[in-house]
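Here is a short briefing on one protein chain. Please keep the sequence and the 3D view open while you read.

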Amino acid sequence: MIRTPHGEPPAEGAAIRVAPGVLWLRLPLPMKLDHVNVYALEEDDGWTVVDTGFDSLRGRAIWEGLRAGPLAGKPVVRVIGTHHHPDHIGLAGWFMDRDGADLWMSRTAWLMARMLVLDVQDRASPQALDFWRRAGMPPEMLERRATERPFNFADVVHPLPLGFTRLTEGQEVTFGRRRWRVAMGHGHAPCHATFWSQDDNLVIGGDQLLPSISPNLGVYPTEPLADPVGEWLDSCARLRALSRDDHLVLPGHKLPFTGLPFRLDQLTLNHRTALDRLAEALAVAPRHAVGCFDILFKRRIGEAEFGLALVEAVAHLNHLHRAGVIRPVGESGGAVLWGA
């Protein structure tokens with residue numbers, strides 16, 4: 001079963017010691033998932049920081065307080081990005097510029113992050129509009145998004161200087177006075193690094209290993225036929241072989257927890273049952289991706305969540321299509337209809 005040794009997260013600007021030399025910190029996010037966990041691991045000459053939060057005036061101010069308080073004025077000598085998403089690497093470049101910190105990431109994560117920071121768009125691309133239309137986005141929402149400035153990584157991610165240290169599958173690395181095995185997960189983000197201590201029971205899970213929510217598994221206009229659900233299920237099986245009940249997982253969101261084998265089984269079952277529900281419904285009547293929201297999520301999806309729900313619905317349809325369970329059977333208003 002899942003257990004959470006700490007019932008409450010650290011207050012803003014404060015830290016909780018979760019293991020010798022390991023501090024749990026939390027940065028705010030301006031969205032429904034309103035926080036990201038970051039971790040500081042003590043070194044002889046400073047700190048290694050795992051993930052960073054958004055680059056914002058508030059985020060920088062919180063870090064200044066953390067540096068003066070829990071980090072005791074010592075420099076950040078290394079930043080580790082578990083994956084390329086902006087809430088995890090937003091301030092990596094800031095620490096590199098300010099402290100001369102080294103950046104450790106997988107090559108794919110670094111390339112994705114640097115590409116997206118440089119790719120600033122004032123309007124949604126034709127490819128994005130076509131992708132949303134074919135998924136069944138309502139015409140009025142599609143028209144509005146065609147005229148709005150889309151979210152850009154550069155809005156919340158500090159420019160990344162050239163140069164990083166590559167993390168690879170199965171590699172052994174040393175930081176925080178521990179030896180760690182690197183294990184890559186896929187599905188939520190390509191080449192998402194998790195870290196398994198070889199000296200105690202700690203696991204740094206990022207968004208690959210979360211206790212009470214499932215990370216978004218999305219398909220985007222950049223790779224419209226991708227199968228992140230299949231990659232996710234494969235990753236859960238591989239990481240399950242490494243997991244132990246006594247592992248203390250330090251996740252990217254929510255609370256640190258134990259009971260990782262149970263949680264990985266639960267995450268796998270959640271998606272397999274969602275796929276079964278979807279296949280059964282499409283055997284009765286064709287639907288487009290947006291029309292599958294009620295089946296997949298079993299709750300009303302508001303506009304703030306609409307984009308993430310759309311890309312996850314497409315991901316589940318793509319997985320069933322690859323498995324030969326469903327196929328395109330027509331169109332409605334430019335949206336692809338899927339049926340058995």
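A search of the whole structure finds zero disulfides. The model is a predicted one. Cys 191 is in no disulfide, and the nearest cysteine sulfur, that of Cys 236, is 16 Å away. Cys 236 is likewise in no disulfide, with the sulfur of Cys 191 as its nearest, 16 Å away. A disulfide would need the two sulfur atoms within 2.5 Å.

**Overall build**

- The protein has ten helices and 14 strands.
- Its radius of gyration is 20 Å, close to the 20 Å that the globule rule gives for 340 residues, so the protein is as compact as a globular protein of that length.
- The C-alpha trace spans about 65 × 45 × 35 Å along the principal axes.
- Of the 340 residues, 54% count as buried.
- Take the contacts between residues at least 6 apart in sequence: 65% of them join residues at least 24 apart.
- The protein exposes about 14900 Å², and carbon and sulfur atoms supply 53% of that area.

**Cys 236 and Leu 264**

- Cys 236 has 2% relative accessibility, so this residue counts as buried; the cut-off for buried is under 20%.
- Leu 264 sits in helix α8, which runs over residues 260-284.
- Leu 264 has a relative accessible area of 1% and is therefore buried.
- Which residues does Leu 264 touch, not counting those up to four places away in sequence? They are Leu 209, Cys 236, Leu 239, Arg 240 and Ser 243.
- Leu 264 and Leu 111 are 153 residues apart in sequence. In space, their C-alpha atoms are 28 Å apart.

**Helix α5**

- Ala 128, Leu 129, Phe 131, Trp 132 and Ala 135 are buried in α5.
- Seen down the axis of α5, these buried residues fall within an arc of 160°, so they line one face of the helix.
- The face turned away from the buried side of α5 carries the exposed residues Pro 126 and Gln 127.
- Gly 136 follows α5. The phi of Gly 136 is positive, near 100°.

**Helix α6**

- Helix α6 covers residues 139-147, and Met 141, Leu 142 and Arg 145 are buried in it.
- Seen down the axis of α6, its buried residues fall within an arc of 100°, so they line one face of the helix.
- What does the face of α6 turned away from its buried side carry? That face carries the exposed residues Pro 139, Glu 140, Glu 143 and Thr 147.
- The buried residues of α6 pack against α5 (126-135) and α10 (303-322).

- Strand β12 (residues 248-251) is covered on both faces.
- Leu 248 and Leu 250 are buried on one side of β12, and Val 249 and Pro 251 are buried on the other.
- Strand β11 (residues 202-206) pairs with β12 in the parallel sense, over four bridges.
- Ile 204 has Leu 250 of β12 as its bridge partner.

Note on methods:
Residues are numbered from 1 along each chain as its sequence is written. This is a predicted model: local features need pLDDT of at least 70, side-chain atom pairs count only at pLDDT 80 or more; totals for chains, interfaces and linings use all residues. Side-chain values use heavy atoms; hydrogens and water are left out. Buried means under 20% relative accessible area, exposed over 50%, partly exposed in between (1.4 Å probe, protein chains only). Helices (H or I, at least four residues) and strands (E, at least two) are DSSP runs, numbered from the N terminus. The arc is that of the directions from the helix axis to the C-beta atoms. Contact means heavy atoms within 4.5 Å. The radius of gyration is taken over C-alpha atoms; the globule rule is 2.2 Å times the number of residues to the power 0.38. Accessible areas come from the Shrake-Rupley method with a 1.4 Å probe; for residues, only the protein chains shown count as cover. Two strands pair if DSSP finds at least two bridges between them.
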